[in-house]
Amino acid sequence: MFKNITLADVLWFTFYLFLILAANGVVRGIIAFLSGKAAKLPRRFVPTIQALVNWMSFYGALLLFLFYFSKTQWLFYPIYSVDGQQVTLFLIIVAIMIVTLAHRLVKLFAKYVLTNLYEYYDVDKSLGYTFNQIIYYTVMIAALAVSLTNFGLDLTALGAIFGALGIGLGFGLRNIAGNFVSGIIVLFERPVKIGEVIQVQDKVGRVEKIRLRSTVVRTAKEGTLIVPNQYFIEQIVKNRTGAEMMAQVEVSVTYRTDSEMVEHWLHEAVSIVKERENGILEQPAPDIRFIDFRNRAMVFLIEIPVKNFEIKELVESRLRHAISKCFKVHDVELAGMDFFQAALKKPDA
C-alpha cells in the first residue's frame, strides 16, 4: 500500500508543512506586536484574526496533504466497502473538512453578518439567538448528510433505521427527548430569555445560554447551574428581571418574647446594616412582618430591597450579624434555644 511513497516525498511534505507552521507563527507574532506596543490594531479584532490564521493553517495543511499525495495509491486504498461504495482515507479527510468547514463558516456568519442584521432591524437578542441556533443545526445536519453521502450511505434507508431506533430509544431516553422538545419550545415561546434574572428553586441567577437540552444560569455564589429545559415547561419559574430584588431573612423567637418589641429591634438591626453598608441598599423602607406561629416559636420575616442579586447574600449575611448583636443586647432567645438549654441541664438518668 505504501510502495509509491519515498523518503524524499515524506521529507518534502514535512518541509512544506514546516513552512505553513512557521508562517502561522510569524503572522501571530506580527498580530501580537501590532496589538501590543504599537497599538495599531484594536484588541477586539485580535482573537478573530488569530482564529482565522489558525483556521487557514489547519486547512492549508490538509489541502497540502491531499495535493501532495493525491497521485499515490495508498490514499485511495479502500478501508471498507458499503453497498459497493469503497470508503477511502481520501473520502474520510474530505468529510472531516466539510463538517469542520461548515461549523466554522456558520459561526463566522452568525457573528459578523447576522449580528449586524439583528442590530440594524432591532431584533430581540433572544430571538436572534433562536435564529442562530436554527441556522447552525440546519447547516450542520446538511453538512453531515453530504459527508455520509460521500461514504456511499443511503440516507433514505438510514432515515428508516433511525426512525425504527427512535421508537425504541424514545422509551428508554424519554427524559432526554423531553428536554430536547422542551428546548425547542423554550427557544420559540421564550418564557425565559438570555440576560434575564430568574429564580430556580431557591437559587437566583442570570440566564447565559439556552441550548436544546439545557439552559445555563449563572449565579452570584453557587457558580453555574445547568437546568434541564423540561424544568421551565413543567415547574413554576420566577422571573425577577422586572421585579424588585429583595434580601430576605427569617427569624424565630420564643413565645414569651414581646412580639412588638422584637419587630422594633429588627428595625434597629436593619438601621445598623444601612449605616455600615451605605450605597448598596435601595432607598425604600424595609418590610418587617410577623408571618407565622410554629412549634414553640414566633416567626418574623425581614425583606430589604437591594440593587441586584449579586449582593443579595452579602446583605442577608450582614443582616443576620446585626440581628444577632441586637438580640444579645436585649436578651432575646431564639426559638429552640430554651429546649437545648433544658436538655443540657437535665440530670442523667
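Close-up 1. Val197 sits opposite Arg206 of strand S4. Strand S3 (residues 197-200) and strand S4 (residues 203-210) run antiparallel and are joined by four bridges. Strands here are DSSP E runs of at least two residues and helices are H or I runs of at least four, numbered from the N terminus; two strands pair if DSSP finds at least two bridges between them. S3 and S4 make a hairpin with two residues between them, and Gln201 in the turn has a positive phi of about 55°.

This is a predicted model, in which local features need pLDDT of at least 70 and side-chain atom pairs count only at pLDDT 80 or more, while totals for chains, interfaces and linings use all residues. Residues are numbered from 1 along each chain as its sequence is written, and side-chain values use heavy atoms, leaving out hydrogens and water.

**Close-up 2. The S4–S5 hairpin.** Next, follow S4 into strand S5 (residues 214-219): the two run antiparallel, with five bridges joining them. Ile210 has Thr215 of S5 as its bridge partner. Three residues lie between S4 and S5 in this hairpin.

**Close-up 3. Helices H2 and H3.** Helix H2 (residues 46-68) packs with helix H3 (residues 89-120) at an angle of about 160°, their axes 12 Å apart. Axes are lines fitted to C-alpha atoms over the stretch in contact, and angles run from 0 to 180 degrees between N-to-C directions. H2 and H3 are therefore roughly antiparallel to each other (angles over 145 degrees count as such).

Terms used: Parallel < 35°, antiparallel > 145°, perpendicular 65-115°, else oblique.
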